[in-house]
Amino acid sequence: MIRFGQTADAIAATPSKLAKIELLAQYLRALDDADLAAATRFFTGNPFAARDQGALSLGGSTIVAAARAAWNFSDADLATHYRRHGDLGAALAPLIKPATRLELFSETLGPASMKAILDQIAAASGKAATRKRQLLCERILRACRSELEAKYAIKIITGELRIGLKEGLVIDAIAKAFERDAAEIRRAVMASGDIGAVAVAARAGTLQELAVSYGSPIGFMLASPILYGSSYRELQGAKWIAEDKFDGIRAQLHKDGDIVRIFSRTLNDVAHSYPEIVTDARAIPGSVIFDGEIIAEKEGRVLPFRYLQARLQRKDISAQLLEEVPVTFACFDLLAHGQRFLLDEPLESRRKELSRISITGDHVRFASWSYWDSDAGADALHERFEDARRRGHEGLMLKRAESPYLPGRRGKWWLKLKRELSTLDVVVVGVEWGHGKRAKVLSDYTFAVRGDDNRLLTIGRAYSGLTDAEIARLTEWFLEHTLRDAPAAGRGWRHAIPVEPRVVIEVAFDIIQESALHESGFALRFPRIVRIRDDKPPEDIDTIDQVRSIYAAMLAREGIASPSPA
Ligand code: ATP
């Protein structure tokens with residue numbers, strides 16, 4: 001894994017996308033097929049092919065226990081490093097102990113051999129924690145010869161490489177390494193659900209032989225915010241499609257024969273929670289992949305998001321719940337139809353093809369859409385917005401009519417218009433015991449956004465907005481996922497206990513201001529938790545850049561010039 005680590009470090013060190021692609025392409029070209037398949041998957045942050053749905057189920061505490069067994073360090077050492085780096089791989093790696101003579105003669109750890117061990121860990125059944133820990137300690141961590149190898153071995157396991165490399169760039173690097181067209185590689189990844197197999201096929205020239213694989217989730221295309229009441233310059237000179245912005249759960253529905261899968265934002269199959277959608281989807285002729293939003297809808301009326309929460313992550317759904325909170329899958333995009341992937345088609349054609357598919361029943365429906373003419377002006381746009389709000393939706397989506405579907409990308413093709421920009425999706429990094437009747441629960445949360453170098457930067461602390469049941473559930477989770485008990489240092493931490501940065505919450509706030517109190521250099525005023533974002537992975541939280549632009553937009557609205565960057 002030394003070459004892997006060196007390549008990953010070099011990729012992290014350059015901000016240039018082209019340089020990242022070149023570095024990765026060079027590395028991939030030199031690998032044999034088995035290492036090529038494994039390393040490409042590792043670089044996407046998921047050691048398993050998307051279609052395998054493999055999962056290591058290794059929590060932070062198991063990883064720390066395995067590392068401690070391998071390298072024998074103290075809590076205080078770990079705490080110091082964790083505070084500095086904020087990610088487990090970077091924090092644990094410096095604690096590596098030099099390999100013993102015997103270990104120096106053991107087999108070297110390469111991508112393919114590491115993948116084989118990860119397969120064994122995933123295969124060890126859920127409860128076999130000791131076996132998993134042992135495999136991790138003895139076969140992976142002890143086989144690392146250097147801090148660099150250890151750092152990336154752990155980062156691969158936690159799924160957080162944090163080197164500024166999204167799947168799109170890995171695809172570009174495969175294209176570059178084997179002189180193929182990036183669109184062809186992207187299509188093959190979608191089709192097969194296994195980027196590792198695609199890299200091998202790209203070299204062998206057998207990409208065409210990879211078939212459409214229903215059941216492999218495709219990354220979700222994301223939207224960029226536009227500010228309500230702004231000049232709407234982003235909209236000028238293009239043809240748009242306007243859709244309601246539903247306030248539900250983003251989901252991707254795969255229907256192939258009798259098999260229906262519904263993938264959440266975290267790409268987990270959540271079909272078991274929505275049996276009524278599954279039944280109606282089964283009746284759709286042929287094979288399709290829909291992108292859409294699950295919403296709670298009763299007698300044609302949208303129910304507020306809090307109703308839908310009763311349905312989330314439920315395995316046993318009572319007849320009463322089905323009756324009280326019926327759900328609908330509102331489809332707004334068609335990603336595959338039969339053996340054709342439609343990602344490169346313009347949205348307009350995908351939408352038209354979608355509307356020709358026959359659907360029956362109450363629980364799968366098409367989301368309505370209309371063209372939006374950018375010359376129509378702000379008043380007409382606001383009217384359309386209010387109309388969506390009156391019908392119980394969060395706002396408007398504006399999508400370029402010629403937009404391709406770019407999995408996992410957030411760009412200017414899709415824009416979201418909400419009333420205010422005053423919410424951020426953040427991750428909880430520290431927790432504190434509450435006061436009064438909340439003295440026995442962890443109810444005060446210090447949260448962070450993602451910094452320029454991917455480090456988490458605190459930006460505020462909130463203790464209102466969640467229900468007692470939600471706080472109780474989170475308290476249980478946090479107690480199992482604290483990183484240590486001693487209070488953390490660092491700006492913005494106060495007395496918080498550091499926890500694994502995995503719980504994503506949406507925080508609303510009234511004002512944003514510059515502040516030396518937090519690591520981000522900003523503080524949110526009157527933050528309140530809008531909801532827990534179980535559907536959102538921590539990699540997708542908002543960034544410091546988004547904070548800066550909200551801040552600049554706020555100043556602009558108040559007629560204050562934003563301070564030029566130092
Ligand atoms: P938000 O917090 O604003 O819901 P997000 O960060 O979850 O956003 P974005 O891609 O930035 O995700 O914003 C679009 C989100 O809006 C989607 O993830 C999806 O859940 C939701 N949504 C609702 N209606 C639509 C629609 N018609 N088209 C696309 N996304 C929609």
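Modeller: This is a predicted model. Consider strand S14, residues 442–450, which is mostly covered: nine of its nine residues are buried.

Biologist: With which strand does S13 pair, and in what sense?

Modeller: Pairing is read from the bridges between two strands. Strand S13 (residues 423–433) pairs with S14 in the antiparallel sense, over six bridges. Within this pairing, valine 431 stands opposite tyrosine 445 of S14.

Biologist: How many bridges join S14 and strand S15?

Modeller: Six bridges join S14 to S15 (residues 456–462), and the sense is antiparallel. At one of these positions, arginine 450 has leucine 456 in S15 as its bridge partner. S14 and S15 form a hairpin with five residues between them. In that turn, asparagine 454 has a positive phi of about 80°.

Biologist: Let us turn to single residues. Where is glutamate 500 placed, and is this residue buried or exposed?

Modeller: Glutamate 500 lies in the loop between strand S16 (497–498) and strand S17 (504–508). Its relative accessibility is 6%, so glutamate 500 counts as buried, the cut-off being under 20%.

Biologist: Which residues does glutamate 500 touch, and which side chain does it join in a polar contact?

Modeller: Leaving aside residues up to four places away in sequence, glutamate 500 touches Gly59, Gly60, Ser61, Val428, Trp477, His481 and Leu483. A polar contact of 2.7 Å joins its side chain to that of arginine 502.

Biologist: Why does isoleucine 550 count as buried?

Modeller: Isoleucine 550 counts as buried because its relative accessibility is 11%. This residue is found in helix H20 (residues 544–557). Isoleucine 550 and glycine 411 are 139 residues apart in sequence, and their C-alpha atoms are 17 Å apart in space.

Biologist: What are the domains of the protein, and how many residues of domain 1 are in contact with domain 3?

Modeller: The domain assignment gives domain 1 (46–158), domain 2 (230–418) and domain 3 (422–557). Nine residues of domain 1 are in contact with nine residues of domain 3.

Biologist: What is the area buried between domain 1 and domain 3, and which elements contribute on the side of domain 1?

Modeller: The buried area is about 700 Å², with carbon and sulfur atoms giving 55% of it. The elements giving two or more residues to the side of domain 1 that touches domain 3 are helix H4 (60–71) and helix H5 (75–85). H5 gives the most to this side, with five residues.

Biologist: How many salt bridges are counted between domain 1 and domain 3?

Modeller: The count is zero salt bridges, while one residue pair is found in polar contact across the interface.

Terms used
Residues are numbered from 1 along each chain as its sequence is written. This is a predicted model: local features need pLDDT of at least 70, side-chain atom pairs count only at pLDDT 80 or more; totals for chains, interfaces and linings use all residues. Side-chain values use heavy atoms; hydrogens and water are left out. Helices (H or I, at least four residues) and strands (E, at least two) are DSSP runs, numbered from the N terminus. Buried means under 20% relative accessible area, exposed over 50%, partly exposed in between (1.4 Å probe, protein chains only). A polar contact is a pair of N or O atoms within 3.5 Å; within protein, one must be able to donate a hydrogen and the other to accept it, and residues adjacent in sequence count only if both atoms are side-chain atoms. Contact means heavy atoms within 4.5 Å. Two strands pair if DSSP finds at least two bridges between them. Domain bounds come from an automatic or database domain assignment. Buried area is the accessible area (1.4 Å probe) that two parts lose on being put together, summed over both. A salt bridge is a side-chain nitrogen of Lys or Arg within 4 Å of a carboxyl oxygen of Asp or Glu.
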